Amino acid sequence: MRCQVLTVVTSVLLYAAPASAQVELGGTYAIRMHEDYIERGPGSFLGDFTGMPLSDEGRAKALRYSSSLPSTIERQCLAQSPWVGLYRPLALRIWSEHDESGRVVAWVMGGDYLRDTVRIWMDGRPHPSPNAWHPSSGFTTGHWEGDTLVARTTHVKTAWIRRGVGIPGSDQSTFTVFMTRRENLLTITTIQEDPVYLTEPHVVSRVWEFDPRGSQGPMRDTCNVGVEIPPLEDTGEVPHHLPGQNPEADYMVRTYNIPREAAMGFAHTLYPEYRKTLRSTYKPPASCGRYCCGWIERQGLPGAAPGLTCNDGNLPAALRKALTSPER
Amino acid sequence: MDCRSLAIAIAVISLLPVSAGAQPRGARASTGSARAEAPIDLTGQWVAIISEDWRWRMITPPKGDIVSIPLSLRGQQAAEAWDPAKDEAAGEQCKAYGAPGLMRGPIRMRISWQDDATLKVETDYGIQTRILRFPSTALRAGGTTAASAARSWQGHTSAEWVVRGGGRDSQRHGSLKTVTTNLRQGYLRKNGVPYSERAVFTEHWDVHVLPSGDKYLVNTNVVEDPVYLQAPFQTAIHYKLERDTSKWDPTPCDARF
């Protein structure tokens, strides 16, 4: 009997030894658009590939993009890259799924109408065969390193990886993701490697803030499709620009005086030494012309205060009202 | 296993150190030097990858471009009044190179141990030096406090390790937390978007390693300023470790470019 008791005690002690650190990630996190506001808010300017390490093929494909292209039914879900949420203007909801013993089997990041729900498997299952199905969420596994959840996503679909500008990611992309929660702040860093459309890993890091009263809005993790431009229906026409004929290819050069190679996403323009080139060529625009004070607009606070030149980009009245309504 | 062996096993288990995984949040090791206790290695040359906000970080945006920064009305007015010629005349070309602006700049930084309780962060951009002081440094210096020191572009930074794991069955992990105060008034953005001398700059430094061995440093930071901000300014900035240090290029502060 004594021996049986000892056996039970030993088992309990061994079971109770923590295998690794885990942080509670569950909850809703409010977005803080203090970085890449234009990409995440109104959407990228056409022809703005700044900050991207695109390959020639990636650049060519992005320049073929027309903003009417997402209106074709076959392409309306191309925005569903699993980690494109880092370029979207929405809050984040995370919850855990458990097995019968209460152990976390997966952390789940809720989707929205243009981003599939991402499930991060924590139970040690392997990634499927390279030939397995590629869902729009990809396939993601994770483990803890201290307070950081390290995840790896494979099996993604070909997608657009930055909002509204046609920058492509191939189905050979993989993502390494680091998620660290400290008190109320959640930092997510994604490192995307793509042998087709990138020349080096594309790194994005963002911050969200825990918000117990937050709401992500309707959870719709299936991309809805529908005819948005009736004249395109049944015509077989695919909106596009032929090589060399994208009228927005020089938008950033014309508007912000930046070199074309920077606007076109060459990797060497991402590093400090590129400023040597910029120093001799860049002349700042005389004034800020569009989306100059976006954060303030979205909070419903005074944008262009009397006597100040803060320019809201001439938002349509209906959109301005929607962005600044008290319910928002 | 007989009962005697089992009893010995229980005794051994009970004497093992408690896993650091059970430490309270923010637990800090209490023995040894900060250098010896470091759960991560921050030393080396790191380069900022400007894959975000390129147009606001690589070049000086036009006056009045304050998008994405939660300025108060007073902050907006100050940004509108930006005059680089005035800064140059006042010898304040480095206003955009104070810690909250510097870290978001197009920088290379070299991090090294100045002594066992002090990390030194040098940048080529603006030729600035930040000193991150772990507690014992201040004590060794005779109890110098932030409040008694002169304000500077880099202010006074206190540092502490946040350690996780390291006990039985648990690998040691962690991050660095720093808090900077006593700053001179400066710019969050090169085009005169301001922070005041009352700003508090809190940073969390994480090192992430890819299977390839590439190392990334992610600096999650918050600027709180009751004068020029109406909400905390929260960003995460990433850098990559460079093995080739030949691109280090010290350049002085420049109020315009």
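Predicted model: local features only at pLDDT ≥ 70, side-chain atom pairs only at ≥ 80, totals over all residues.
1. **Barrel.** In chain A, nine strands close into a barrel. Their order is β1-β2-β3-β4-β5-β6-β9-β10-β11, and the pairing is mixed. Direction ignored, neighbouring strands of this sheet are turned by 30° against each other on average.

2. **One strand pair.** Strands β2 (residues 92-98) and β3 (residues 104-109) of chain A run antiparallel. Five bridges join them. Take Ile94(A): its bridge partner in β3(A) is Met109(A). In general, strands of a sheet pair through backbone hydrogen bonds, either parallel or antiparallel.

3. **Nonpolar core.** The largest nonpolar core has 119 residues. Those with the most contacts inside it are Met179(A), Leu42(B), Ile66(B), Leu217(B) and Val223(B). Strand β10 (residues 215-224) of chain B gives the largest share of this core, five residues.

4. **Around Met179(A).** What does Met179(A) touch, not counting residues up to four places away in sequence? Its contacts are Leu25(A), Thr148(A), Leu149(A), Ala151(A), Leu186(A) and Ile188(A).

5. **Helix α3 of chain A.** This helix covers residues 56-63. Gly58(A), Ala62(A) and Leu63(A) are buried in it. Why do they lie on the same side of α3(A)? They cover an arc of only 130° around the axis, which puts them there. An α-helix has 3.6 residues a turn, so residues three or four places apart point the same way.

6. **Packing of α3(A).** The buried residues of α3(A) pack against β8 (168-169) of chain A.

Note on methods:
Residues numbered from 1 in each chain as written. Chains lettered and ligands numbered in written order. Pairing = 2+ DSSP bridges. Helix = DSSP H or I, 4+ residues; strand = E, 2+ residues; numbered from the N terminus. Axes fitted to C-alpha atoms, helices over the stretch in contact; angles between N-to-C directions. Core = buried A, V, L, I, M, F, W, Y, C linked by C-beta atoms within 7 Å. Buried ≥ 20, exposed ≤ 12 C-beta atoms within 10 Å, placed from the backbone. Contact = placed C-beta atoms within 7 Å. Arc of directions from axis to C-beta.
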